[in-house]
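Hi,

Here's the structure I said I'd pass on. Have a look at it first, and then read on for what turned up.

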Amino acid sequence: MTTRARQFLMLAGLFGAGGVALGAFCAHALAGVFSAEPARQATYETAVLYHLVHAAALAGAAFAVEAAPNRWTRFSGVLLALGIVLFSGSLYLLSVFGLRLMGAVAPLGGAALIAGWGALMVGAWRGNR
């Protein structure tokens, strides 16, 4: 397995475990915080959902790097990891701390996630080049 694929798998494991932990944290420790503002809880739950889905996608990118090693598959994992941090991270901060500025960061993370999927698609189309 290449170093890049191993790195993506390790990040996928880290992000996956972190997503589960943050989801559990919301369900148990933050219930009181969100009771007055259910919209903030919905924002947090969206962050967890995207966090976990894209952790799994990052694991898929690791396998894509092995199956179709090219710059696009390698770049897809970088974009997916960056997207998780920016998108979900900004939504966590927005929902827990009410940092409205983070609402401006989320679209950047969303764009990185979309670009990550696009790079994965291009990498698969180009194949082993």
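Gly 123 sits in helix α5, residues 106–126. (Helices are DSSP runs of H or I with at least four residues, strands are runs of E with at least two, and both are numbered from the N terminus.) Gly 123 has a relative accessible area of 0%, so Gly 123 is buried. The cut-offs here are under 20% relative accessible area for buried, over 50% for exposed, and partly exposed in between, using a 1.4 Å probe and protein chains only. Leu 108 is 15 residues from Gly 123 along the chain, and their C-alpha atoms are 22 Å apart.

Before you go further: this is a predicted model, in which local features need pLDDT of at least 70 and side-chain atom pairs count only at pLDDT 80 or more, while totals for chains, interfaces and linings use all residues. Residues are numbered from 1 along each chain as its sequence is written, and side-chain values use heavy atoms, with hydrogens and water left out.

Now the overall picture. The protein chain has five helices and zero strands, so from the N terminus on you'll read α-α-α-α-α, going by the DSSP runs. Its C-alpha trace spans about 55 × 25 × 15 Å along the principal axes. Of the 129 residues, 39% are buried. Take the contacts between residues at least 6 apart in sequence: 75% of them join residues at least 24 apart. The accessible surface comes to about 6,900 Å², with 72% of it belonging to carbon and sulfur atoms; areas come from the Shrake-Rupley method with a 1.4 Å probe, and for residues only the protein chains shown count as cover.

Which residues touch the most other members of the largest nonpolar core? They are Phe 8, Phe 15, Tyr 44, Leu 58, Leu 80 and Leu 91, out of 26 residues in that core. At least two residues each come from α1 (3–28), α3, α4 and α5, and α3 gives the largest share, nine residues. A nonpolar core here is a set of buried Ala, Val, Leu, Ile, Met, Phe, Trp, Tyr and Cys residues joined through side-chain atoms within 4.5 Å. In soluble globular proteins, nonpolar side chains tend to be buried together. For Leu 58, leaving aside neighbours within four places in sequence, the contacts are Phe 8, Leu 11, Ala 12, Phe 15, Gly 77, Leu 80 and Ala 81.

On to the rings. There are three aromatic pairs in the whole structure. Rings of Phe, Tyr and Trp (its six-membered ring) pair if their centres lie within 6.5 Å; planes under 30 degrees apart are stacked, over 60 edge-to-face, and the rest tilted. Phe 34 and Tyr 44 make a tilted pair, 5.7 Å centre to centre with 50 degrees between the planes. That pair links distant parts of the chain, with Phe 34 in helix α2 (residues 31–35) and Tyr 44 in helix α3, 10 residues apart. Phe 34 and Tyr 44 are both buried. Tyr 50 and Phe 87 are tilted too, at 4.9 Å centre to centre and 50 degrees between the planes. Tyr 50 is in helix α3 and Phe 87 in helix α4 (residues 71–97), so this pair ties together parts 37 residues apart in sequence. Phe 87 counts as buried because its relative accessibility is 14%, whereas Tyr 50, at 35%, is partly exposed. Phe 34, Tyr 44 and Tyr 92 form one aromatic cluster.

Beyond its neighbours within four places in sequence, Ser 95 is in contact with Phe 34, Arg 40, Thr 43 and Tyr 44. Ser 95 is buried, since its relative accessible area is 1%.

Last, there is one salt bridge, between Glu 37 and Arg 40, whose closest N and O atoms are 3.1 Å apart. The term means a side-chain nitrogen of Lys or Arg within 4 Å of a carboxyl oxygen of Asp or Glu.

Cheers

Technical notes. Contact means heavy atoms within 4.5 Å.
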